[in-house]
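Here is a short walk through a structure. Keep the sequence and the 3D view side by side as you read.

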Amino acid sequence: MGIFILYKTILASCILMLSLLVAMYSTLIERKIAGFLQDRLGPDRAGPWGLFQPLADGIKLFFKEEFMPNTADKFLYILGPSLTMLIALLTSAAIPWGSNLVINGKEYPLQVADINIGILYIFAIVSIGVYGIMIGGWASNNKYALLGAVRASSQMISYELAMSLAIIAVVMMTGSLSLKDIVQQQHGFNWNVWYQPAAFLIFLVCAFAECNRSPFDLPECETELVGGYHTEYSSMKLGFYLFAEYINMFISAAVMATLFFGGYNFPFMDKLALSPNTMATIGFFVLFSKITILGFVFMWVRWTLPRFRYDQLMRLGWKALIPLAILNIVITGIVILVK
Amino acid sequence: MQLISDRSKLVSNKKMSFWEKVYLPAVLNGMRITFSHLFRKKATIRYPETKREFAEIYRGQHVLKRDEEGRERCTACGLCAVACPAEAITMIADERKPGEENLYREEKYASVYEINMLRCIFCGLCEEACPKEAIFLTKRIVASDYERDGFIYGKDKLLEPLDREKRIDVSKRETKEVLEFKKDKSKKHNS
């Protein structure tokens, strides 16, 4: 039991560190990709190829003046970014990062918590995420922040519906809510995306909206709302909000890779006949490269598409994605029934 | 309607077709375009390490030339200041004292000669107006500064060094054609 707890603690802290590291370097990669897509070089001053840029940004954010508006609700003002950060980090617990490690004949799963309602857990946590933004926007006592927060919450709630409905089709196919089961059923090249392309597309669009990323970055649109919900935030509190966005991006890419792209599975994995430990390591890197590719898609889309108008956003969510997702469920149901 | 050029496009408010309403083809096309830019030659450079090539006749920071014997050529006639469209040049004239013949070429010289680099538009009219071949634009660029005062360049920054090795070469801007052109009074724009 002691070893079990120790192992889980080590694993959880590793995943925590990994999420933070990835989020840190996502900021640099995002800026680099933005530069490349716009025929620029991107940041390259801090260290070789700008590799120390995230550190410089972090140091800058720490040393910025800690500003709090006079009229702000002090407790909620601090709670907002903390909650956002906490929730962003919680989701990674349910994701299977690789197949089982075998040490001294005992199996150690590369997953912090193999809960039988994995997807449900992730959706529950992600839905709480809106509170961080809402509380932050409300506590700032600023009209821009409030407008941004209102936009954020209505956007996230609308798109969560379509997102969950898209997943229901996958769950119907798999017959399990456990992420581990879903991954194991996608063994080899038997990925869900081949059976559920529509669900994947809906999920992808909703993931953009959930992470408040362009083209659905209305809650924080710089041009209209002066930064949206984090207008009044400065220093590391702002850093937490920005950081949480990148963690969310990383986690949603991981969820997408797990649900649709076979997680740590890769084609011809049975023919290699490797030891379980090597298999788990390779699987982890396979999953990580899938996440990287999906993360690139996130950034690629951001620097390609202009922002949606708010009514267009709502129309797309309620009138296009939700009916499509329901249709997808119906069709999946019929196919399963016929089989 | 009479169109002035053939480049104008008529705006239409036609209803979007199905594929346009779906957005996806347009989105994918946009992503294809941005992706192609990923590998394109970058328009920016790593500035202090690599520098852009300047034309030999680039119009950058001015230099006040000395003659062969190291004497200042400028006589503070003020033609450059008059020619300057941005009114960036100011000067105070002074009389040469006996014993200063090795410093100034003629009896009158500029004791203060200032160019405000924030006003200057680097048009080169000062150089064109100068009858003494004293002021030239060079291919050096004006350095940035934190203060506005720092952009008012006096003789300390404008005058070329006395050392013959460190003289600034302006022969490219002082070609025979240019000198010929300057002699032709009929082509003078500020006569």
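Predicted model: local features only at pLDDT ≥ 70, side-chain atom pairs only at ≥ 80, totals over all residues.

Start with helix α10 of chain A, residues 235-260. Two helix contacts involve α10(A), and they are described in turn. Take α1(A) to begin with, residues 2-37. Its axis comes within 8 Å of the axis of α10(A), and the two cross at roughly 110°. An angle from 65 to 115 degrees counts as roughly perpendicular, so α1(A) is roughly perpendicular to α10(A). On the α1(A) side, the contact is made by S19(A), V22(A), A23(A), S26(A) and T27(A). On the α10(A) side, F243(A), Y246(A), I247(A), M249(A) and F250(A) take part. By class, that gives seven nonpolar and three polar residues, with no charged ones.

Now turn to α8(A), residues 197-210. The axes of α8(A) and α10(A) come within 11 Å and cross at roughly 170°. That angle makes α8(A) roughly antiparallel to α10(A). From α8(A), the residues are F200(A), F203(A), L204(A), A207(A) and E210(A). They meet S252(A), M256(A) and F260(A) in α10(A). This contact has six nonpolar residues, one polar and one charged.

A further pair in chain A is α5(A), residues 143-174, and α12(A), residues 310-338. Their axes come within 8 Å and cross at roughly 15°. The two helices are therefore roughly parallel to each other. Their crossing is left-handed. The contact of α5(A) with α12(A) divides into 19 nonpolar residues, six polar and one charged.

Move on to chain B. Here three strands form an open sheet in the order β2-β3-β5, with antiparallel pairing. Which strands stand at the edges? They are β2(B), residues 89-95, and β5(B), residues 152-153. Each has a single partner strand, so one side of each is left without a neighbour in the sheet. Strands of a sheet pair through backbone hydrogen bonds. In chain B, β2(B) and β3(B), residues 108-116, pair in the antiparallel sense over seven bridges.

Last comes the contact of the two chains. How many residues of each chain take part? In chain B there are 12, in contact with 11 residues of chain A. The chain B side divides into five nonpolar, four polar and three charged residues.

Technical notes: Residues numbered from 1 in each chain as written. Chains lettered and ligands numbered in written order. Pairing = 2+ DSSP bridges. Helix = DSSP H or I, 4+ residues; strand = E, 2+ residues; numbered from the N terminus. Contact = placed C-beta atoms within 7 Å. Nonpolar A, V, L, I, M, F, W, Y, C, P; charged D, E, K, R; others polar. Axes fitted to C-alpha atoms, helices over the stretch in contact; angles between N-to-C directions. Parallel < 35°, antiparallel > 145°, perpendicular 65-115°, else oblique. Left-handed = near helix turned anticlockwise from the far one by under 90°.
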